[in-house]
Amino acid sequence: MVIQFNCNSGTVSGTYYQDILEVNKYTPEFSLDVYEATVPLPLPKNFDLTPFLDGSKGIRAADYDLSGNTVEFKLASNDYLQVESLPVEGSAKQFKAVLKLKEQILKLPGDIELELEGTDQGDPPRTGRSRVVIKPDLTIEYNDPPAFKRTFFHEDYNPELGNSFVVELIPGTAHADVRYELVGDDAEYFALSVVEDKTAATVRLEKESRPAGKYFLSVVVQAKRSELQTAECVILVDLKEPNELGTTVEQVLSTLHLEERRTHEKVFPTKINIILDCQSPTYNFRTHSNLDTKLELGLQEGVEVGRYAVTNTKSATTANEYLEVTVDNDQLVFTVKKQFEEYEKREHGLKFAMVIQFNCNSGTISGTYYQDILEVNKYTPEFSLNVYEATVPLPLPKNFDLTPFLDGSKGIRAADYDLSGNTVEFKLASNDYLQVESLPVEGSSKQFKAVLKLKEQILKLPGDIELELEGTDQGDPPRTGRSRVVIKPDLTIEYNDPPAFKRTFFHEDYNPELGNSFVVELIPGTAHADVRYELVGDDAEYFALSVVEDKTAATVPNKSESIFSVDETTGWLVSSKFDREDPDLFADVEEPQFHVVLQLNCANDSPNVSKNYSLENIPYATDITHLRILVDDINDNAPVFQHPKNRDRVFAFPDPTIAERLMINSLMRVSATDLDAGLNAEIRFRLDSDECFDIHPKSGVIYPTGNCFEDRNPVILTIHATDRDGDADGNVSRMMIRVVQAMMYQIIVLQPLHVTWETLGEFVQMLEAKMLEN
């Protein structure tokens, strides 16, 4: 929280931070207990059911915890639906479950009812539950041929009650003009009754209908709309008594059509005569997958992708927009259409299905053809803009989303049109201000967005922030697109903030030849027309002050950098020797750096300035430019032991029996520091090979591994401290210590009274001081 303090001398601003205890308090809460969707059929693979759920809002769950509240959704095992877990754009508390079809669905046998779980990432995790009910829209007149939900029944004869079977049509295939009929040699033994809406019928075998000399009865139930639109269901009743041998049901019914042959595990002999007119030795007219050819993206129109020998086939038609199917004499031919050139920009699957209508000699049948696509990483992620610029007001809070200020509130987006591995992960150049999150664009499998958020609260910006942004897909090999992001403070807003300097301390040696000069600048947004500059202090009379017209900066002349100078013969900026770890040299900056001001000073009789030093190459000024020189670290310092000190070289440790009684599990903790930075200051410890003690490489704790005091001789340990995290090219410091056996009479056990964890350190220091005195 930002607090405005009213002091005697004026007003100052400050920030107060308050931590919140992290607990997993809330269970994910669904917006509805039951989600119902009534959908039209057929529907394609990967179809998103969101528009049909909760008034197009879809399935949502809220988790109000402050951390670990990301909700992962899980759907009960089923053959139809799969679920994706996504955040709700613009909310850190809301998450959505996107239901998609696993495969193309032509018909549904009835309602689909599944349980949906939403589990957060807290400790321990919490799970909320809801139910999903998917119903076929039966108000739509599909005019499809009738189709039974179940096409085969097999039961043993029931001599007490007889047998009864309910045969149902798939919803959407039952029409007012459907006619039911029993056919077959045994039809006389069965009775048929049809419900009023023609959706189902009951077939009964009465208990007195068992004929003598027969081992089974079979009948075919037909549902007809015309002579060419017939559905069939087979009923088999086994009449053999438990002790009779009977006839086994193991023969293959060669005249039964393909779908029933695949469905039934038991088939039986009968005199059913069903003609499947369109035939082929290599093509399955009901369902066929082209396993021989994977289509390459970008194939030209007219390229042939499949050819099969067929008989009794007059023609074939399809509404598919990517492949054409024709019958050429006795050949079924598949060729590429013009629209296939744009396939990857319009579709997202590596397999597509096309429904084909075949015109056979006896009538028409429908089948499905499946075609695989060759998987390649063809496209590089493409940003919607080459440069994204945002002019933002200040101050802004931590985690503020900059999307509303980028590309007309659309934010940063990148498209990747590949069919797989096209998820784009964004990466931002290293900086102190911004972080990036990679998210999909809702409703698109080709678009992805980079959400820029502030790492910390920003009260002021010293200037524009310009960073490179990369977007990399997950293909093999991965491809990377690039764009730039420029964040500017909105200087048109009058913040009325107090003036604040970009740099608050300068330190230089006096230059007797040129004098010294300093440019002091105000942070953008804190410079106002009524700002007054003034030099104060006992030595103010020795300095002169000049202020630029817009009051954003002032120059204090007569000073120059002592470390750097310009070689007048070459034009190079050179430095004298300095140490990055010099505490006095960089005392006023967090990161070691120099701020150098270069000024051109040409005498009237001096020769012409060469093109290398043209004024046009110095931006934003006529004769002055500013350089910020960051100082990198080199590994020029070795680790320095902080404990033990050089004077502490002898330590005592008891034998195992005493150590166990006193619960002593370590000898000491070694510590060391390194003046370098980063990896050069990462220290790893090790001991020369020793059977008695070992050391933890990071913590420096030395612990026993065996008893080496049986002969009561001391143990010599050599400790190695290596920077660069123990790398072979790191600097190494060594120390030798001697460990002697501590006898029982030499050990003093103290039980401190009135000592708490807070005062323990002070108590130990007091003991050490007492020991040194003695």
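Trainee: How many aromatic pairs does a search of the whole structure find?
Mentor: A pair of aromatic rings is described by the distance of the centres and the angle of the planes. Rings of Phe, Tyr and Trp (its six-membered ring) pair if their centres lie within 6.5 Å; planes under 30 degrees apart are stacked, over 60 edge-to-face, and the rest tilted. Searching the whole structure turns up 24 aromatic pairs. Take Y322 and F340: their centres are 6.5 Å apart with 75° between the planes, an edge-to-face pair. Y322 sits in the loop between β20 (313-318) and β21 (323-328), and F340 in the loop between β22 (331-336) and α2 (343-346), so this pair ties together parts 18 residues apart in sequence. Those element names are DSSP runs numbered from the N terminus: helices are H or I of at least four residues, strands E of at least two.

Mentor: Before we go on, a word on the ground rules: this is a predicted model, where local features need pLDDT of at least 70 and side-chain atom pairs count only at pLDDT 80 or more, while totals for chains, interfaces and linings use all residues. Residues are numbered from 1 along each chain as its sequence is written, and side-chain values use heavy atoms, with hydrogens and water left out.

Trainee: Is Y322 buried or exposed?
Mentor: Buried means under 20% relative accessible area, exposed over 50%, and partly exposed in between (1.4 Å probe, protein chains only). Y322 is buried at 3% relative accessibility, and F340 is buried at 0%. F400 is partly exposed at 23%, and F405 is partly exposed at 28%.

Trainee: Which residues do ring pairs link into a cluster?
Mentor: Y283, F285, Y308, F334, F358 and Y369. Some of those names come back when you look at nonpolar cores, which are sets of buried Ala, Val, Leu, Ile, Met, Phe, Trp, Tyr and Cys residues joined through side-chain atoms within 4.5 Å. The largest one has 26 residues, and Y283, L332, F334, I356 and F358 touch the most other members. Elements giving two or more residues to this core are β19 (304-309), β21, β22, β23 (351-360) and β24 (363-373). β23 gives the most, with five residues.

Trainee: Which residues is I356 in contact with, leaving aside neighbours within four places in sequence?
Mentor: Contact means heavy atoms within 4.5 Å. On that basis, the partners of I356 include Y283, V325, F334, I365 and Y369.

Trainee: What lies over the face of Y417?
Mentor: A charge sits over a ring if NZ of Lys or CZ of Arg is within 6 Å of the ring centre and within 35 degrees of the ring normal. Here K345 does that, at 5.3 Å from the ring centre of Y417. Now look at E344, in helix α2: Y417 is among its contacts beyond four places in sequence, along with L297 and K446. E344 is buried, at 0% relative accessibility.

Trainee: With which side chain does E344 make a polar contact?
Mentor: A polar contact is a pair of N or O atoms within 3.5 Å; within protein, one must be able to donate a hydrogen and the other to accept it, and residues adjacent in sequence count only if both atoms are side-chain atoms. The E344 side chain makes one with the side chain of Y379, at 2.8 Å.
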